[in-house]
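Trainee: Could you show me how to read helix packing and salt bridges in a model like this one?
Mentor: Happy to; let's look at it together.

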Amino acid sequence: MLNVKNLTFSYHKTPILKELSFKVEKGENLAIIGESGSGKSTLLKLLYGEYDLNFGNIYWKDNEILGPKYNLVTGYDFMKYVAQEFELMPFISVEENIGKFLSNFFPKEKKERTQELLEVVELTAFAKTKVKTLSGGQKQRVALARALAKQPEIILLDEPFSHIDNFQRRSLRRNVFKYLKDKKITCLVATHDNNDVLGFADNMMILNNQKIEAYDTPKALFKDPKTPLIASFFGEFNIINNKIIYAHQLNVVEKSNLKAIVITSYFKGNYYLVEANLDGEKIFCYSPNNYKNDQIIFLNISN
């Protein structure tokens with residue numbers, strides 16, 4: 001397992017992370033959530049051994065993860081890190097990049113492994129294409145495949161699908177996370193996209209003000225968000241009578257004590273996101289109907 005004890009780190013004198021402690025079991029998927037600047041990427045780099053800790057310890061099983069003060073070369077054989085910048089070899093093909101670090105003593109196994117990963121990241125048709133000609137999203141997929149090539153015990157993913165368009169992101173996400181589960185590869189993914197989490201992550205960790213604000217399953221955090229920051233990750237929400245109410249929990253009814261005036265409606269496909277004024281506060285609800293601006297509606301809170 002990954003065991004982090006009292007991790008504390010700062011750049012120069014600016015504290016980034018303070019006294020973080022958590023564990024991740026073998027084969028578990030942990031999503032790391034937080035606003036920009038909350039330390040998500042920094043945490044992954046610390047786990048990879050790219051920086052030295054100010055205080056605390058990081059262990060993978062019996063191995064302590066140490067920084068550049070102790071290691072001439074960053075990283076460990078059992079761990080792979082996929083950053084937002086891709087360190088690929090531009091003048092060789094996609095399949096050559098993926099198989100670069102696989103042994104040539106076993107050519108059949110190397111070819112099969114490369115073919116398997118090309119299918120996982122949906123790049124089979126581009127196997128012979130030189131990386132320099134690929135789009136940013138395609139390069140990101142090559143980086144994912146190359147990190148998985150030697151089947152690490154643990155993989156660290158920093159916004160792994162950020163460069164990939166919506167047409168391919170959904171199926172790719174399913175492929176990659178299914179592969180990691182099937183191979184029992186421990187995964188930590190730093191993301192701002194709830195689609196990278198819901199349906200895939202076993203646990204979520206929310207970073208805020210240098211600390212762990214919450215750590216639980218996505219379902220538990222969704223059902224009972226303790227703070228607006230947590231609720232905001234899952235979608236539109238409101239604060240009504242000092243309670244966090246998601247937009248989907250507000251229903252338009254014929255009559256109630258909650259009287260609102262429609263500001264505008266946004267078409268979202270199979271529903272409208274209605275923005276309205278409730279007692280001087282802006283609120284949001286979902287509705288199958290498109291309401292006119294300045295129309296009066298009544299709302300009811302459901303569980």
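Mentor: Angles under 35 degrees count as roughly parallel, over 145 as roughly antiparallel, 65 to 115 as roughly perpendicular and the rest as oblique. This is a predicted model, where local features need pLDDT of at least 70 and side-chain atom pairs pLDDT 80 or more, while totals for chains, interfaces and linings use all residues. Residues are numbered from 1 along each chain, and side-chain values use heavy atoms, without hydrogens and water.

Trainee: At what angle do helix 4 and helix 5 pack?

Mentor: Two packed helices are described by the angle between their axes and the distance between the axes. Here helix 4 (residues 136–148) and helix 5 (residues 166–182) make an angle of about 5°, and their axes are 12 Å apart. The two are therefore roughly parallel.

Trainee: Which residues of helix 4 and helix 5 meet?

Mentor: From helix 4 come R141, L144 and L148; from helix 5, Q168, L172, V176, Y179 and L180 (contact: heavy atoms within 4.5 Å).

Trainee: How many salt bridges are there?

Mentor: Side chains of opposite charge can pair when their charged atoms come close. With a side-chain nitrogen of Lys or Arg within 4 Å of a carboxyl oxygen of Asp or Glu as the rule, the count is 13. One of them joins D202 and K181 at 2.7 Å, N to O. D202 sits in the loop between strand 8 (186–190) and strand 9 (203–208) and K181 in helix 5, so the pair ties together parts 21 residues apart in sequence.

Technical notes: Axes are lines fitted to C-alpha atoms, for helices over the stretch in contact, and angles run from 0 to 180 degrees between N-to-C directions. Helices (H or I, at least four residues) and strands (E, at least two) are DSSP runs, numbered from the N terminus.
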